[in-house]
Structures are given as structure tokens and as C-alpha cells.
2 protein chains.
Amino acid sequence: MSDVTVSSFPALSSMNALWQARYGTRPPTPPLPESPVARSLMAHRSVRAFSPTALPEGVLEAAVAAAQSASTACNMQAWSVVAVQDEQKRARIAELAGEQAFIAQAPLFLAWVADLSRLEQVGRAQDCALPGRDMLDTFVTSVIDTALAAQNAAAALESYGLGIVYVGAVRNQPEAIATELGLPPRALAVCGMSVGYPDRNHPTSIRPRLPQHVVLHRERYDAQPSAPADIAAYDERVRAARASQDQPARSWSESVLARLDNAAALHGREHLPQALRAMGFRLDQA
Amino acid sequence: MSDVTVSSFPALSSMNALWQARYGTRPPTPPLPESPVARSLMAHRSVRAFSPTALPEGVLEAAVAAAQSASTACNMQAWSVVAVQDEQKRARIAELAGEQAFIAQAPLFLAWVADLSRLEQVGRAQDCALPGRDMLDTFVTSVIDTALAAQNAAAALESYGLGIVYVGAVRNQPEAIATELGLPPRALAVCGMSVGYPDRNHPTSIRPRLPQHVVLHRERYDAQPSAPADIAAYDERVRAARASQDQPARSWSESVLARLDNAAALHGREHLPQALRAMGFRLDQA
């Protein structure tokens, strides 16, 4: 079954059409229960070509309100977000984050920051050392908090017809990014996000994903679903989808290997432990 | 200004009413642009008392389709989810995850798993060692992927009128949880999620959050917004909101200190580095 290109943005299709675009298979019977929220989420595609049109008033505030409405461990709210509109600053961030031109092009760049410095401020005010602050689990908690917040913002922004793309490459040179953003100690830009109206001359289609049964396990993790046949079939789907988007032919397996079979492919991220220590994180064990 | 209790579930209020409930301040002028998606996200509240009613058919599949539609670094899809319906299994997980009774009560428990084992399988098939697999950044990437997926699922589930609560306590005893779920090496249950219809006899209200200007920075991180006065005012709001829900009076600062001022308050999570190593993660530096 060929991949379905859903060119309308935002979601106008039914959930069943989106299922077919995502998985390349017929939707389940009975059909998925419709929900405007689930439909909008299923219609996500990363946008890397933006129109210069600015965001409407109030959209950033609504997105951050959605972000702050996400769950946060023990209400610690261990994250911050830096909204960068300044063009020159975006150009410098683009340089530092993998030379990705869309960062300079999109009118807004959001840096999602795992932020333990605010908690530290609370500790100082009460004269407490907060030893838990230096535990690896606290860093992980902060990263999770940040990601949940970012994803709520992404969903809200897309619901206004905007396009987004995550920028993991802010971790290529985390100290330089921290300097550019003026981050205090114990704050790491975990991911970036370029935001703007999609350039309609460069539409993107929904990217195929692994079959649901490979990812969703019932009662107990079952390694069997990731059988070689599943992976081989998905490899072919990815290769065909990339060809239809005029991207270099590459299977999913080839992408995974390109990313993980050579530490140099991490573009500096192999030094994250040292960078975190230099930025004031300790990641202790008890 | 007193906190607004929004007892309807799911979101029926306007975004401006939800803003007031979340921040305790008048909404911005001009009003936030309405969006059913943003409104649903802003209406989130964690549910810890569930009705035994089972989920409607197709809702889990829709939620996982939404989860798989979230962005994922380099399309690696480095996560899995284990859906646990079995009552006895949920009771055992409840024991392991902080003895939280709602895990046994809610009809569905989702374990969101940072999963590098599937990528390893791809490497083995191609006879590649995948050194990038052992980098701290790859673990962080996998945690982010997992959190983005989980949050999309949460948003989808809530849009069907279901309630959810995250369970970070799956990291109290990560190895025992892995055994219970049958996880392969290099797979960590990053967070759990109890899912079900909220028990209408125990409604929950929207939890107050820090003022938006404390979290949202413009162009550059500004430590000034977390001024003592902002924190003190928020401390009072949290204390009042807890009192109105018959919870022990405690300010935000007190909660933060209770969590971080004593490694024992981490309930085992202080041993995460050792647990990760025992589970096959290496978190190398280059």
C-alpha cells in the first residue's frame, strides 16, 4: 500500500486516513474513535521550511500555558523556555546547532531548558544544600519535565496552523548554547524548537513509523514483534517515502546505523558528560 | 484572587478561565486565541482516583498512534510502551512503584520505556557494534523520545474524557520493574501512567503553576523573574490550593525541599546510575 501524502496543514483528514499515512496499513476495525485533539497530534509532521510571517499575538503565551499545564514531577517545574525572535541571535544559534538554516529562517526559536537553578534558588533561600539536586535521577526528572512541556507547546502551536521542528543539535555544543542564551549554572538546553508558518512551496508529508505492534506490548515486553520481516518491510516503506520527497534513498536501518555506528556522527554530543559537569551538573550516585 | 476549581472533565471552559485557574491572574489582553487542542491541554489535572470502567475500544490504539506521531530524534523511535491491564500485575507494579493504590485501581497502566534494545537488534542484523549506543547523549535522546510520545498519548487519552497520572516512581526500583515487565537489556521504564475514567466522587482541580514570566524568558535567560517575591506569592497560592483540596498545607518551596534536601526522599532513585549499568546501559563519555 503506498504512503498517503497529506498536504493540508493543519489536520483536516480523518483519524483513519492519518493512520493509513502513518502506518501504511488499513486502520483497525471498528474505526478509531474520532477526537479533534488526537487527530491534530496524528497529523504532526516536522516542518523545515518556513514563511517569514510572524506569529499571531497570544499564541506563544497560549503555548507556554499549555506547556506549564503538563504534568511535572512533584510539581518541581524544573524547566524554563527561552523564546528567541532576534534574527542575529537565531543565526548564531543556527551556527552552533548543526548549521541548520531553518533556525535562522523561522521567526521564532524556543530553547527548552532543563533547569535546576530555580530549585537551587529555593534551597539557598532556606539555607538548604539540596543534595538530591546532584543525583542522576533528578537530572533525568528535569529532562522529562522539559520534554513534556515542550511537547504540549508543540501540540498547541500546531493547532494554530503553525509548523514546528525539534532541534536536538542544541546539545552538539551545550556550553556555547548556554552562553548564547545566558543560562545560569545547572541549566541545559535539552532541545530547541523552530516555529513558524510552513512554507507552502515546500510541503512535507507524514513520516512513516514502525508498525504499532512493534512498539506497543501487551502485559509484557515481547521482543518477537521486532522480527526481521517487520524491520525489512519498514525499511522499504521509509526508503519509498524518502524517494517520494526527493530525499536520498535510505532505509530506517541505514539511518540508525549512520547515527549510532560512529561516535563522530554525534557531532560533539559524545562529550555530554564533560559538558554537564562544566555546566554545574554532577549526576552523582549515592 | 482565589483559585478557580474547574470540576468539569474534560475541558469545557474557555482558555481564559483555564488561564485564571492555572496562574491565579487575569488572562492577557487581547484574550488568548481559542484552540480546542490548547484548551484541552490547559485543562489537564492529574487524576489519582479512578472508576473501574474499562476504556472504550480503539482508544489505546489511537493514543499510541498519537504517541508514534510525536517527533523522534533522527526517526530512531527509541521507545516502547507496555500496556498492563492484568489486575494482579498492576497490584505488583503498585507495590514496586511507591505503593500507590491508584495503579492497582485504574483499569490500565502504561509503562513508557526508553528502549535502545530495538536499535541494537538493527545493529546486530548488520553486524555493527553501534558505539553511539553507549553514549550518555543517546540515553538522554531516548528519554526525550519516550517523554514526547507519552505526553502525546496523555493528551489523546484526556481528549476522550479519560484521566491520567504520571508515575515517576517506576524508577524507584527500575530493575524490579524491568523484570516484572520482561524488559530486555538497555530498556528502562522512564515513567508510568495510570489511565481510566476519573472517579467523580473525588474530583481534582487544576494545580496552580509558577507565573508564566518566571518560566518564559525573552531572547535571553533572566534570573531576575524568580525574585523572592514571586516565589513567596506562589508559595501562598500553592498552600491555599492544597488546603482547598483537603491536602496537608505545604508551600511550593517546602515541597521542593522535601524532595531534594535528603537523598533518602528519592526512595531508591539515588541508585539510578548503578541500576542503569546493571540493566546494560553504559552512559560512556568519549
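Me: Buried means under 20% relative accessible area, exposed over 50%, and partly exposed in between (1.4 Å probe, protein chains only). Where does that put R133(A), buried or exposed?

Reply: R133(A) is buried, at a relative accessible area of 15%. Before we go on: the model is predicted, local features need pLDDT of at least 70 and side-chain atom pairs pLDDT 80 or more, while totals for chains, interfaces and linings use all residues. Residues are numbered from 1 along each chain as written, chains are lettered from A and ligands numbered from 1 in written order, and side-chain values use heavy atoms, leaving out hydrogens and water.

Me: OK. What does R133(A) form a salt bridge with?

Reply: With E120(A), and the closest N and O atoms are 2.9 Å apart. A salt bridge here is a side-chain nitrogen of Lys or Arg within 4 Å of a carboxyl oxygen of Asp or Glu.

Me: Which parts of the chain does the pair link?

Reply: Distant ones: R133(A) is in the loop between α6 (117-125) and α7 (136-159) of chain A, E120(A) is in helix α6, and they're 13 residues apart. Helices (H or I, at least four residues) and strands (E, at least two) are DSSP runs counted from the N terminus. E120(A) is buried too, with a relative accessible area of 14%.

Me: How many salt bridges over all chains?

Reply: Searching the whole structure gives 30.

Me: What about E61(A), which residue does that one pair with?

Reply: E61(A) has a salt bridge to R218(B), with 2.9 Å between the closest N and O atoms. The pair joins two chains, because E61(A) lies in helix α3 (residues 59-69) of chain A and R218(B) in strand β5 (residues 216-218) of chain B.

Me: How covered are those two, buried or exposed or partly exposed?

Reply: E61(A) is buried at 18% relative accessible area, whereas R218(B) is partly exposed at 45%.

Me: And α3 in chain B, how many of its residues are buried?

Reply: Eleven of eleven, so that helix is mostly covered. The list includes E61(B), Q68(B) and S69(B).

Me: Now chain B: what does E180(B) meet in a salt bridge?

Reply: K89(B), at 3.5 Å from N to O. E180(B) is in helix α8 (residues 174-181) and K89(B) in helix α4 (residues 87-96) of chain B, so the pair ties together parts that are 91 residues apart in sequence. Both E180(B) and K89(B) are buried.

Me: Which residues do shared partners join into one network?

Reply: E120(A), R133(A), D134(A), R186(A) and R282(A) are joined by salt bridges with shared partners.

Me: Switching to backbone. Which peptide bonds are cis?

Reply: Among them, T29(A) to P30(A), with omega near -10°, and T29(B) to P30(B), also with omega near -10°. P30(A) is in the loop between α1 (15-23) and α2 (36-42) of chain A, and P30(B) is in the loop between α1 (15-23) and α2 (36-42) of chain B.

Me: What's phi for E99(A)?

Reply: Near 50°, a positive value in a residue other than glycine. Most residues other than glycine have a negative phi. E99(A) is in the loop between α4 (87-96) and α5 (101-105) of chain A and is exposed, with a relative accessible area of 63%.

Me: And R186(B), what's phi there?

Reply: Positive as well, near 65°. R186(B) is in the loop between α8 and β4 (187-196) of chain B, but buried, at 12% relative accessible area.
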